[in-house]
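Morning, everyone. I'd like to talk about pockets today. Here is the model.

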Amino acid sequence: MTAACNRTDIQELTADELAAWLSRHGIEAYRRQQIFRWIYQRQADGFDAMTDIKRAIRRLLGDHFSITRLELLERAVSRDGSCKYLFRLKDGRCIESVLIPERSHHTLCISSQVGCAQGCRFCMTGATGLQRNLSMGEITAQIRDVQRDLQADQRLTNIVMMGMGEPMANYRQVVRAIGVMTDRDSGLGFSTRRVTVSTAGLVPAMLQLGRDTSVNLAVSLNAADNRTRSRLMPINRRYPMETLLDACRRYPLRHRRMITFEYILIQDVNDSPDDARRLATLLRPIRAKINLIPFNEHPGSAFKRPDPAAVQRFQEILQQRHYTAIVRHSKGRDIAAACGQLRASAGKNAACPARAIPCPP
Ligand code: SAH
Ligand code: SF4
């Protein structure tokens with residue numbers, strides 16, 4: 001084992017933890033900001049780059065800490081403009097992040113776990129079970145590393161935790177990572193309005209998230225009655241819809257914010273006009289907007305995507321009842337067969353990073 005392996009990756013420390021370490025070593029508090037800025041804003045790969053920090057401190061930092069990158073195994077560009085990054089972690093396990101370039105902004109969809117324990121019937125990540133939680137540093141590194149891969153004039157503007165895994169089942173690391181993401185002064189610098197956490201509905205952790213952070217909340221609802229939802233999402237047996245929706249009603253929403261409800265439309269399972277009307281009634285007490293996602297078909301599942309007319313009818317019923325209901329298509333379907341859950345609308349002319357590997361036609 002090399003010396004580098006014994007050092008802690010400094011990206012595993014929160015601002016407070018690094019401040020405490022510096023204080024224990026008799027180093028001025030303002031150095032914490034300098035170090036964070038070098039890592040998260042200036043993409044430093046080592047302490048020697050931190051030229052405004054005294055050499056003795058740089059050496060001490062280098063003796064204790066490393067600054068590492070995820071290993072990029074593959075970068076594939078989809079015909080719809082989205083780019084899938086396949087990263088290998090230090091233990092050899094792999095995760096995906098998907099960049100969705102849009103006209104005025106770039107959204108990065110990041111993972112929070114390797115696999116997922118929730119076992120939702122429609123989801124390929126769920127089929128593999130949970131392998132492990134990601135650490136705080138592995139979550140934020142997806143953002144830092146993709147940002148470095150972009151062209152100079154491209155910036156990530158939005159982060160969605162909708163990749164692999166259930167963020168609320170990895171609560172501590174997710175909240176620590178959100179701290180760095182939303183540190184405007186010396187961290188990754190995202191406004192809380194531009195960070196969204198998506199959950200299958202782990203109610204206690206979801207309510208805690210509302211107390212601990214002010215990021216946006218998305219809830220994967222996917223059904224308009226308990227019987228269908230329990231069939232699709234086993235978590236519904238633990239936290240049935242009335243419990244989940246009551247928690248959504250009580251969720252501490254910031255001024256002018258809404259909860260996004262994700263609803264995968266599956267043919268003859270949850271796509272009838274009656275389902276749409278029930279959904280509209282259920283969400284009435286909540287400040288809600290709805291993303292309709294036509295099911296992304298994959299070999300492991302017998303479910304079918306509804307025809308476009310059924311999708312449109314479902315959307316119209318919600319719109320007639322004054323909901324913002326947007327149809328979003330899965331992104332990267334030609335490259336991201338294992339990532340069926342990733343989606344959002346991308347501009348057709350959106351540019352991908354220059355060094356991206358194009359997908360074969
Ligand atoms: N575990 C979290 C976040 C990751 S899943 C959650 O469930 O919310 C992100 C989204 O992808 C969820 O809204 C989920 O419903 C959706 N999804 C999963 N598999 C899909 C598929 N085959 N087609 C379309 N959307 C899918
Ligand atoms: Fe896990 Fe979300 Fe997939 Fe369900 S939809 S199995 S919670 S990743």
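Helix H3 (30–41) and helix H6 (136–149) each give at least two residues to the lining of the second largest pocket. Helices here are DSSP runs of H or I with at least four residues, strands are E runs of at least two, and both are numbered from the N terminus. A pocket is an open set of points on a 1 Å grid over the protein atoms alone, where a 1.4 Å probe fits, with protein on both sides within 12 Å along at least five of seven lines; lining residues have an atom within 4 Å of a point.

This is a predicted model, with local features needing pLDDT of at least 70, side-chain atom pairs pLDDT 80 or more, and totals for chains, interfaces and linings using all residues. Residues count from 1 along each chain as written, chains are lettered from A and ligands numbered from 1 in written order, and side-chain values use heavy atoms, without hydrogens or water.

Back to that pocket. Its lining includes Tyr40, Gln41, Ile143 and Phe190. Domain 1 (3–66) and domain 2 (71–335) each contribute at least three lining residues; the bounds come from an automatic or database assignment. The volume is about 190 Å³.

Now the largest pocket. It holds about 700 Å³. Its lining has 24 residues, with Asn158, Thr196, Thr260, Lys289 and Arg328 nearest the centre. Strands S9 (156–161), S11 (216–220), S12 (259–265) and S13 (288–294) each give two or more. S9 has the largest share, 3 residues.

Notes
Grid points are joined across faces, edges and corners, and a volume is the space filled by probe spheres set on the points.
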